[in-house]
Amino acid sequence: MAEPPSAGPVPAQRHASQPAALRIEAAGFGYRGTTVLRDVELTVGEGQTLALVGPNGAGKSTLIKSVTGLADLVTGSVTVLGRALPKARGLAAYVPQAETLDPDFPVSAADVVLMGRYRRIGWWRPTGRADRDAALAALDRVGLADRARTRFGLLSGGQRQRVLVARAIAAEARLLLLDEPLNGVDATSQERILSALGELTATGTAVVISTHDLAVAARIADQVCVLNGRQWAAGAPREVLTPEVLREAYGNHAVDLPDGRTMLVET
Amino acid sequence: MLEAPFMLRALAELTLLALICGPVSVFVFARRLSFVADALTHTVFPGVVAGFLVSGADGVFGGALVAGLVTAVVLTLLTRGGLLSDDAATAVVLTALFSVGVALVSRRSSYTSDLTAFLFGRLLTVTPGQLVETAVLAVLTLTLVAIGARAWVFRAFDVGGAAAAGYRIARLDLALNLVVALVVVAAVRAVGTILVVALLIVPAAAARMLTDRLIAMAAAGTVLTLLCGYAGLWLSWTASVDHGVRLTSATAVVLALVLAYVLLLPVGLLRRRRPA
C-alpha cells in the first residue's frame with residue numbers, strides 16, 4: 001500500500017494555555033503485546049470532534065479501548081487532559097455499541113445513566129438526589145426522560161444507544177469516546193445523539209467517535225482520521241475524505257461512483 | 001421442631017447464610033459466575049480435608065479459608081492473563097484441586113463418612129462457635145458488598161464503560177471472587193462443598209423471576225433462602241421424626257430452594273411476555 005498522504009495535521013486548540021483533551025503521539029495500540037494499529041499521531045482540542053473512520057478491523061475500536069484501558073498502548077504516548085496513560089484512566093467517558101451489552105441485564109434506563117455518576121459518588125456515599133436529578137436531566141437531553149424506569153433491554157436499539165450517551169453526559173467528562181454509536185440506529189435516535197454531541201462540544205467537551213458513515217463524519221467532525229492498521233490520513237474532513245485517500249486506505253472495498261464520490265463496500 | 005437447640009442453631013446458621021447468599025448470588029448471576037462459584041466450592045474441598053486432617057473439626061474453617069482465598073486469586077490471575085479461556089482455566093483448577101481433596105480424604109480409615117460430611121455438610125451439628133465464625137464472615141462479606149456493589153454492577157453490565165470510568169477491572173474481579181470464596185467458606189461446613197453452590201446461584205436465579213431490579217433481587221433472594229431454609233429443616237425433621245425417612249437437612253434445604261425456583265419459572269415467563 002502507498003504511504004499515507006498526510007501525517008495528521010494538528011488543529012488549533014480553543015485555549016492555548018489548556019492541555020489538549022486527547023493527545024496521541026507516535027502511538028501503537030494492540031492486545032497483549034501484539035500491535036494492531038500503529039503510527040497514530042493525533043491531537044483533539046477542547047470542544048472539538050474527531051471522527052475515526054476505516055474498514056472493519058482497521059483499529060478504530062482498539063484505539064478507543066486503549067484510552068479506556070481495555071486494550072494496550074504498545075508504543076508512544078497518550079495523554080488525556082494533560083495526564084498520561086495509565087494515570088489518565090477515569091477522565092474520559094465511554095459509549096459502547098448498545099448491541100454489545102446484555103439486553104437481559106436487570107437494570108432500568110435510569111440505573112444505566114446513574115452508572116455515569118458512580119465515580120463522583122464514590123465507594124461509600126449513597127446515591128443522592130443530585131445524582132438522580134443529573135441522571136434524569138441527561139436522559140431528558142436525549143429525549144428519554146419518560147422512559148427512565150423502563151428496563152434497558154426493553155428499549156429499542158436506538159433508544160438504548162441514547163441511554164448510553166446520556167450516561168456519558170451524566171458523567172460530565174471532558175472527553176467522550178464513542179465506539180460506532182450510530183450502527184443500526186434509527187434516524188430519530190441518530191439525530192438525537194448527534195444533537196446531544198453538538199451541545200456537549202459547544203460547552204467544551206471533546207468527542208472522539210468511530211463510524212462507518214462518512215457523511216456523518218464529514219458533517220460533525222472538526223477532523224477525520226482514516227485508519228487501517230495504521231493512520232492513513234488525518235485532518236479536516238474535506239482534505240481527508242477524498243477518493244484518493246479512501247481508495248488507499250480501504251483498498252478494494254472502495255468503489256468510485258459516476259458522480260465522483262467514493263462508496264465503501266463492507267465485506 | 002424448634003424446641004430442639006440444635007434445630008435453632010441450624011436455623012440461625014441458615015439465617016446468616018441467607019443474609020449473605022441473597023446479595024452475593026445477585027453478583028454471581030449478573031457476572032455469569034456460576035461456573036466460577038461451582039469451581040470455588042470444589043477447590044475449597046482439599047482445604048477442608050487438609051484442615052480436618054491437621055486439626056480435626058476445628059481445622060476445617062481455617063483450611064477452607066486458606067483454600068478459598070488462594071483459589072480465588074489463582075482463578076482471577078489465570079483468566080485475566082489470557083493463559084486460558086475462562087471456562088478452561090476454571091475447569092482445570094476445579095478438577096485438579098477436587099482430586100487432591102479426594103486423594104487426601106481417601107487416606108482416612110473413616111473415608112466414607114468423612115467424605116459424606118465434607119460433601120453434604122452437617123447442618124444439625126453446628127456449634128455456637130461455628131455460628132460466631134459464620135457471623136463474622138457475614139459481617140465482613142456484607143461490608144465488602146456494600147463497598148463494591150456499584151462498581152461490580154457497572155463492571156458486569158459494561159466492562160468498557162467501567163474501565164473508562166477508572167475502575168481497575170482486575171481488582172474488581174479479584175474482590176468479587178474473594179467475596180464468593182468467603183461465602184463458600186461460611187457455608188461449607190453446614191451444607192457441604194457440593195450443595196453450597198446452590199446457595200450461590202439459586203436465590204438470584206429464582207428472584208429474577210419476580211423482579212427486574214437488582215436490589216429487589218437481593219432482597220427477594222435473601223427472603224427465599226430464609227423461607228426455603230426453614231422449609232427444608234421442617235421437611236428433614238418431619239421426614240426423620242414422623243416418618244422414619246432419613247433426609248439430610250442440607251439436602252432438604254437445597255431441594256426446597258430448587259423447588260422454589262421451579263415454581264417461580266412460570267411467573268418469570270409470564271412477566272417476560274407482558275408488554276413493556
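**The contact between chain A and chain B**

In this predicted model, 33 residues from chain A and 32 residues from chain B make up the contact, where contact means heavy atoms within 4.5 Å. Together the two chains bury about 2700 Å², of which 61% lies on carbon and sulfur atoms; buried area is the accessible area (1.4 Å probe) that two parts lose on being put together, summed over both. A:F105, A:P106 and A:W123 provide 25% of the area that chain A buries against chain B, more than any other three residues.

Polar and charged links
- Four salt bridges are counted between chain A and chain B, each being a side-chain nitrogen of Lys or Arg within 4 Å of a carboxyl oxygen of Asp or Glu.
- One salt bridge joins the side chains of B:R213 and A:D111, at 3.6 Å from N to O.

The side of chain A that touches chain B
- By class, this side of chain A has 19 nonpolar, five polar and nine charged residues, with Ala, Val, Leu, Ile, Met, Phe, Trp, Tyr, Cys and Pro counted as nonpolar, Asp, Glu, Lys and Arg as charged, and the others, Gly among them, as polar.

A residue at the contact
- A:T68 is buried, with a relative accessible area of 1%, buried meaning under 20% (1.4 Å probe, protein chains only).
- Leaving aside residues up to four places away in sequence, A:T68 touches A:R89, A:Y94 and A:L177, together with B:G160, B:A163 and B:A164.

Basis of the values
- Residues are numbered from 1 along each chain as its sequence is written, and chains are lettered from A in the order in which they are written.
- Local features need pLDDT of at least 70, side-chain atom pairs count only at pLDDT 80 or more, and totals for chains, interfaces and linings use all residues, while side-chain values use heavy atoms, with hydrogens and water left out.

Technical notes
Buried < 20%, exposed > 50% of the residue type's maximum accessible area, 1.4 Å probe, protein only.
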